[in-house]
Amino acid sequence: MVFSSALFFFYFLPLALLVYYLIPRRLQHLALTVFSYIFYGWANPYFVFLLFGSTLVDYACGLTICGQRPWSSGEVVLLEKGVPRRRNQKIALFISIATNLSLLGFFKYFNFGIDSFNALVTTLGADSMQWNTFFRITLPLGISFYTFQSMSYTIDVYRGDAKAIRNFTDFACYVSMFPQLVAGPIVRFHELADQLQVRDHTVEKFARGVAFISLGLAKKVLLANPCGKIADTCFDAIDVTTLDAWYGAFAYGFQIYFDFSAYSDMAIGLGLMLGFVFPKNFDSPYLSQSITEFWQRWHLSLSHWLRDYLYIPLGGNRKGEQRTYVNLATVMVLGGLWHGASWNFVIWGSIHGVMLAFERMQGKDSIYRRLPAPLRIAITFVIVTIAWVFFRARDLGAAMHYLGNMFGFLHPGDVAALVGGLIYQPYFLICFSLAALITWLAPQTWDLTRRLNGPKVAWCLAMFWLSLAIMMTQSYNPFIYFIF
Amino acid sequence: MTQKKIKLSREEQAKREVGRTEISRRLALVLVVAFLFTIYSVPVIQQVIDRRKAAANQTVQSTGESILDSMKPAGMMSLQGLMSINATLLKRISLYQEHLDDTIFLTRALNPALQSLVTGWLKGGNEQAYCGLGQWLFYRPDVEYLTGRGFLDPQVLEDRSKSGGEWQTPPQPDPVKALKQFRDQLGERNIELIVMPVPSKPMIYPDKYSARYEGATERLQNASFDDFLHRLDTEGIACFDPAPLLLKARGDDKNLLYLQCDTHWTPLGMRLVAGALADHIRAMKVLSDQPDVPYRQVTMEITNLGDIAKMLKLPEDQDFYQQETVTIEKVMQRDGQPWRPDPNAEILFLGDSFSNIYSLDGMGWGECAGFVETLSANLGRPVDRIVINDNGSYATRRILSREERRGADRLAGKRLLIYEFAVRELSKGDWKTDLDLTPVTGMIGGGDAEAIAPSGKIAGSGTQGNTGVEIPADGWIVTGTIEAITKVPSPGTVPYKDCILSFHLTGIQSDPGSPVVDEALVYVWGMRENQLTDNATLSPGQSVTVRLVPWDVVQDRYGSYNRQELDDDSLLFLDAYWWPSEGDKKMDLPADTQPVADLATPGSVASGNPDGKTPESSTKSDSLVTFIDVLKRIVDELETAQKNTWQGRDGWLFFGPELRSLTVGHFWGERAAEVSRAMNPKYADPLPAIVDFNEQLKKAGIDLWVVPVPQKASIYPEMINDQLSELTTGDGTRYDGNLREFYDLLKSSGVRVVDLYPLFVAHKTDGAPLYCCQDTHWSGRAIKLTARELARQVKALGWYDSVPKTQYQLSQRDIEITGDLWKSLGNDSLVKETLSLAFVSDPASGDNGVPDWRESPVLLLGDSHNLVFHIGQDLFAKGAGFPDHLANELGFAVDLEAVRGSGATPARINLMRRKDNLAGKKLVIWCFTARDFSETTDGWRNVPIIR
């Protein structure tokens with residue numbers, strides 16, 4: 001189920017809110033868990049077993065790490081930091097991590113592994129060694145998000161950053177919470193542990209949630225979708241002119257930003273309606289003046305997760321410059337692979353990894369740091385956009401072909417000009433321009449909703465109604481991060 | 001250190017910030033209440049709408065969904081069983097969501113206005129339609145076929161073959177593979193194959209899509225097309241590619257080869273290709289030597305809005321995209337009948353909507369003038385055809401395969417098969433190779449395949465399980481349970497606006513004496529005019545009461561509409577039936593299957609609605625059925641009482657035979673003798689007499705215009721009685737039975753008909769009544785309107801200017817009349833009516849009225865409608881009749897030959913007695929009451945007038 005659908009807004013959400021607020025507080029997490037499983041199972045019912053299995057393993061491991069048995073009723077205490085852990089604690093952590101990574105590895109990378117192996121043996125002239133399975137693995141929705149979230153729980157418990165949770169319903173609720181289950185933000189356990197125990201429900205909180213949802217929906221429907229149409233038209237074409245190729249790539253840059261940040265806004269808004277506070281996931285990333293800064297503003301929940309659970313354990317910057325560069329590159333390549341199982345994501349991650357390492361050499365700043373700020377922003381945006389080509393293109397060949405079009409290395413065929421028939425229509429030009437204006441001139445949702453006066457409330461409601469109206473009448477409604 | 005403490009984590013920042021949202025409580029409440037009201041009101045309103053609709057329809061009784069059956073322990077024990085349950089659930093979820101998106105009221109309510117903004121003004125288009133330059137619109141898959149990757153690219157083939165989902169079978173993407181198999185199958189029966197991919201509009205008119213192509217002459221094609229041609233050539237498969245021909249012929253914008261707002265070609269483009277294909281076929285020399293079959297072509301103008309414009313879902317009254325007018329050439333057989341496919345022809349044509357446009361009336365561009373008809377006329381040979389809108393890669397091959405498997409050997413005697421499809425199918429289509437063309441004998445009708453004519457004779461008895469009772473051609477009513485049913489695509493997501501769904505009906509029960517059938521394959525409308533029908537909501541397990549009409553009876557009429565077939569091939573051997581919908585336009589059904597009041601209708605159920613009618617009285621078809629019901633009752637009442645005048649509302653009187661004429665359905669052809677009042681059944685059918693009269697006049701170089709005066713009750717149905725007081729002609733319903741279809745028949749036979757019904761409906765409410773309330777004739781106002789309309793058309797004729805003109809004068813007077821119905825009613829208490837008439841006079845002569853002019857080039861022929869207010873005496877007045885007003889509008893008097901009785905035969909006999917071969921006449925206007933088609937006792941004799 002996607003947020004931007006009639007089913008969600010007019011059936012699922014009203015029912016979920018009604019049940020949530022009508023039942024006793026002690027049952028709220030159970031209700032939320034049930035609704036979350038319905039939300040998740042809507043995409044493919046058998047995925048709920050996977051989610052439940054993963055939850056069960058991590059729940060048991062968490063308690064084991066704390067020295068408790070899942071079926072006992074002993075008090076759960078916070079482990080002391082810096083104290084060496086016992087063998088069974090280490091095994092429990094290993095089981096948790098291994099289970100989550102195995103799930104992720106199998107469901108996300110099995111097809112990729114087979115395809116890569118077959119491609120390799122074909123290249124080596126050993127076609128007979130190809131391994132052709134009779135089945136293809138279907139990627140479970142949001143598996144990258146909830147496995148990372150689950151792992152953060154056992155790791156936090158192991159490190160002594162959070163207490164294990166005794167109540168299974170509370171834990172299941174944390175893992176499966178529908179606002180951020182399938183596309184984040186990745187909420188680490190210690191960020192939410194307190195709120196699972198105590199949180200308040202106020203009209204002001206709910207109202208701000210409405211504002212977040214309204215603006216998020218508007219970003220998705222009014223900006224991301226039209227930009228997505230431009231991008232799809234360009235990227236799906238066999239040939240495009242240089243101008244159209246750039247137009248399509250920039251449109252994709254806007255699409256992915258507004259699409260993902262809109263989803264995050266809506267997730268935060270829904271969280272607020274249920275009394276939860278989720279942290280910010282985007283901080284005007286296209287205002288960044290370097291790639292380093294970009295990663296301090298883009299998909300913050302992922303970059304912080306990678307930092308805390310991967311970069312720092314790898315040694316971070318504590319083991320010398322060379323190792324720091326390697327760590328940065330490694331984290332970004334793995335971050336790329338987290339997005340998807342293809343060489344395109346590896347290259348996308350590598351570009352960012354190399355840029356981060358390079359900028360680290362420059363003192364965490366870009367090579368063009370002496371240029372005026374607007375130029376630095378523009379150059380950063382162009383670099384990010386070029387990297388997005390790998391993110392969006394169907395495969396490596398298509399990405400290289402598209403880049404060839406962007407840089408005028410290829411002579412586009414006769415049909416290339418046909419693409420312009422759609423993407424330069426007033427509707428798309430206006431939406432693209434609006435996306436650009438809002439990207440660089442408008443305040444972000446957090447700032448806009450910090451103080452809600454009459455005109456802002458009216459604006460939020462107008463955007464909500466307009467977006468709903470457009471959403472109901474346009475069938476083009478992709479959501480990029482659902483596939484990760 | 002201090003700085004580090006102050007720096008808050010993202011989570012702390014978030015909590016702090018959210019806890020400090022600056023908003024007044026009142027404003028917060030406003031925002032929350034508005035939001036909650038929005039998200040709760042929509043489902044509540046939708047629920048109310050759905051419940052009302054359900055209460056109105058009481059459509060079905062569900063016996064539960066089979067998902068529970070699949071969850072039996074045995075099924076859940078195995079992985080395969082679990083996956084099967086999961087696939088069923090997924091399918092249900094997907095269908096539910098699609099249904100929700102299709103039916104939610106908000107979408108329907110908002111779509112027109114938003115589409116006006118997004119597409120009308122900003123040219124954003126939608127998922128199906130792209131806006132081109134000016135009036136031009138393009139179909140998205142047509143554009144994507146060109147801009148997308150090559151359809152034979154190995155990666156594309158692999159990607160497509162892995163698409164689909166857990167419950168959707170991926171397509172077979174390789175057209176060459178399918179065509180090779182098809183060629184081989186045909187080859188086994190010595191049948192040649194010609195493949196004809198029809199170019200898409202952006203290939204021929206790219207400059208109308210993108211200004212970048214202005215003046216360019218590139219040949220746009222998919223990257224794989226040349227490879228495709230090469231592979232076909234290598235395989236020895238003949239391909240007729242019309243693209244080079246159309247590109248070469250592309251001239252100025254006055255002679256367009258494709259419609260601007262439609263996916264298809266114009267008649268001009270179509271004729272060009274048909275001619276070239278005919279030449280190509282002749283050059284192949286695969287057909288036997290036969291004398292040419294002469295076909296006649298009749299030109300006709302058609303105006304319609306293109307299918308892409310309709311896909312945009314703009315408001316009804318939008319003026320962003322205009323209707324287009326084309327001239328079609330209807331192909332007529334030697335006997336004057338419209339062209340029909342011939343099952344014995346040597347050519348079988350498989351085609352899609354490019355063949356159906358101008359052939360299938362439901363597409364709105366006329367009929368009998370499509371690609372197959374034109375090809376047949378060009379070849380001078382009959383052709384058999386299987387044509388289905390859309391899905392050209394598979395649909396027609398599948399039907400051919402099914403026909404063969406059912407035993408109806410459509411390939412028997414064939415030498416050539418032409419396989420036409422839209423070129424986009426090469427990249428989008430499902431080129432399945434699971435089709436079997438091996439004919440199976442002994443499958444139809446319980447073992448007599450020979451008994452079935454491929455294109456439409458009734459099978460007679462022998463339906464599976466039949467106990468020997470003859471199957472009535474108009475069907476019989478049964479009750480059964482839906483075992484499986486196909487889904488109808490969402491309106492607007494497909495390039496066709498009508499779609500037939502099919503379902504497997506089991507456990508069939510019918511009345512004693514009716515044919516006995518255990519199970520059947522049933523076809524019924526699922527989508528009409530881009531609206532889902534109630535049948536679209538039917539689902540497995542539901543019990544329905546339906547009328548089963550043998551499919552073979554209606555196949556000619558409905559066989560070319562897009563049809564969603566059930567996948568289960570074992571159902572092939574079931575007899576197929578058509579379920580006539582009340583929503584069908586009357587002209588959609590053959591005479592013997594007219595859905596009048598006694599028909600069960602879609603939505604009727606085994607229980608709770610025994611008369612088989614839906615209580616929803618707002619639909620056109622319901623109005624029509626009610627109207628006919630009531631009229632039948634009144635006619636019965638009058639006949640029992642031996643009266644002929646019905647007293648309606650507000651003093652309106654109606655003539656009994658006129659009311660009857662509106663209830664008889666088809667009055668021509670085989671049914672003529674059954675329904676006509678003609679004393680001699682030999683003269684019951686009006687069609688031959690009118691066609692004969694027209695032919696005689698044509699030989700003498702005289703035009704004939706047939707001008708039937710619509711029945712009063714068809715224009716003012718609301719005045720008949722209180723039960724019909726809510727009826728309206730404003731919703732487009734025609735209450736004059738099958739007259740329109742009859743007029744089409746006349747037109748297709750080359751007879752020009754001036755249909756006054758639309759004119760009268762358009763002017764019904766903007767002045768005095770168009771009929772005398774107490775008389776059988778029309779009013780002075782109707783006369784004036786008709787005269788003006790006819791004169792407008794006469795003035796366009798070449799000879800008109802050469803006739804000397806006279807300026808007449810008009811004066812208005814009121815007169816009280818004693819109408820013939822008033823007299824017949826015999827109710828003296830009823831106040832006589834007063835009419836306001838416009839009198840015509842000649843200022844030069846001072847005459848009141850216009851004398852008939854025997855030498856006039858225009859002869860007015862007919863019944864007393866031409867005499868009323870013209871001759872005075874018992875016809876009320878002089879100088880205000882139809883001849884007077886026609887003279888006033890034309891500027892010259894007309895010759896008159898009218899009788900008080902029937903305008904059908906007696907008037908023509910008078911004409912015959914003139915014995916002047918109508919010398920000097922240019923035009924005969926034959927004006928008579930429309931009721932005479934069935935009600936004249938004199939009948940319709942052929943009268944030799946021109947000798």
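Two strands pair if DSSP finds at least two bridges between them. Helices (H or I, at least four residues) and strands (E, at least two) are DSSP runs, numbered from the N terminus. Keep both terms at hand for this tour.

This is a predicted model, in which local features need pLDDT of at least 70, side-chain atom pairs count only at pLDDT 80 or more, and totals for chains, interfaces and linings use all residues. Residues are numbered from 1 along each chain as its sequence is written, chains are lettered from A and ligands numbered from 1 in the order in which they are written, and side-chain values use heavy atoms, with hydrogens and water left out.

**Stop 1: a parallel sheet in chain B**

Zoom in on strand 4. Strand 3 (residues 192–198) of chain B pairs with strand 4 of chain B in the parallel sense, over 2 bridges. Show Ile194(B) and you will see Ala238(B) of strand 4 opposite.

**Stop 2: another parallel sheet**

Next, pick strand 23 (residues 858–862) and strand 25 (residues 923–929) of chain B. Their parallel pairing runs over 5 bridges. Leu860(B) has Ile925(B) of strand 25 as its bridge partner.

**Stop 3: an enclosed strand**

Select strand 14 (residues 543–550) of chain B. How many of its 8 residues are buried? The count is 8 of the 8, so strand 14 of chain B is largely enclosed by the rest of the structure. Buried means under 20% relative accessible area, exposed over 50%, partly exposed in between (1.4 Å probe, protein chains only).

Now show the side chains. In a regular strand they alternate between the two faces of the sheet. On strand 14 of chain B, Ser543(B), Thr545(B), Arg547(B) and Val549(B) point one way. Val544(B), Val546(B), Leu548(B) and Pro550(B) point the other way.

Strand 10 (residues 476–485) of chain B pairs with strand 14 of chain B in the antiparallel sense, over 6 bridges. Thr479(B) has Thr545(B) as its bridge partner. Strand 16 (residues 576–578) of chain B also runs antiparallel to strand 14 of chain B, joined by 2 bridges. Look there for Tyr577(B), opposite Pro550(B).

**Stop 4: chain A and its helix 6**

Switch to chain A. It has 19 helices and 0 strands. Of its 484 residues, 61% count as buried.

Select helix 6 (residues 168–176) of chain A. Of its 9 residues, 7 are buried, so helix 6 of chain A is largely enclosed by the rest of the structure. Among the buried ones are Phe171(A), Cys173(A) and Tyr174(A). The buried residues pack against helix 2 (28–41), helix 3 (47–65), helix 5 (143–159) and helix 7 of chain A. Check the N-terminal end, too. Asn167(A) caps it, with a side-chain oxygen 2.8 Å from the backbone nitrogen of Thr169(A).

**Stop 5: Thr449(A)**

Select Thr449(A), in the loop between helix 18 (445–448) and helix 19 of chain A. Is Thr449(A) buried or exposed? Thr449(A) is buried, with a relative accessible area of 0%. Leaving aside neighbours within four places in sequence, Thr449(A) is in contact (heavy atoms within 4.5 Å) with residues including Arg208(A), Phe212(A) and Thr21(B). The backbone oxygen of Thr445(A) lies 2.8 Å from a polar atom of the Thr449(A) side chain.

**Stop 6: where the chains meet**

Show both chains. The contact takes 82 residues from chain A and 71 residues from chain B. Between the chains there are 4 salt bridges, each a side-chain nitrogen of Lys or Arg within 4 Å of a carboxyl oxygen of Asp or Glu. Select Arg25(B) and Glu204(A), whose side chains meet in a salt bridge (3.7 Å, N to O). Finish on helix 8 of chain A, which gives 11 residues, the largest share of the side of chain A that touches chain B.

Technical notes
Polar contact = N/O pair within 3.5 Å; in protein donor to acceptor, adjacent residues only side chain to side chain.
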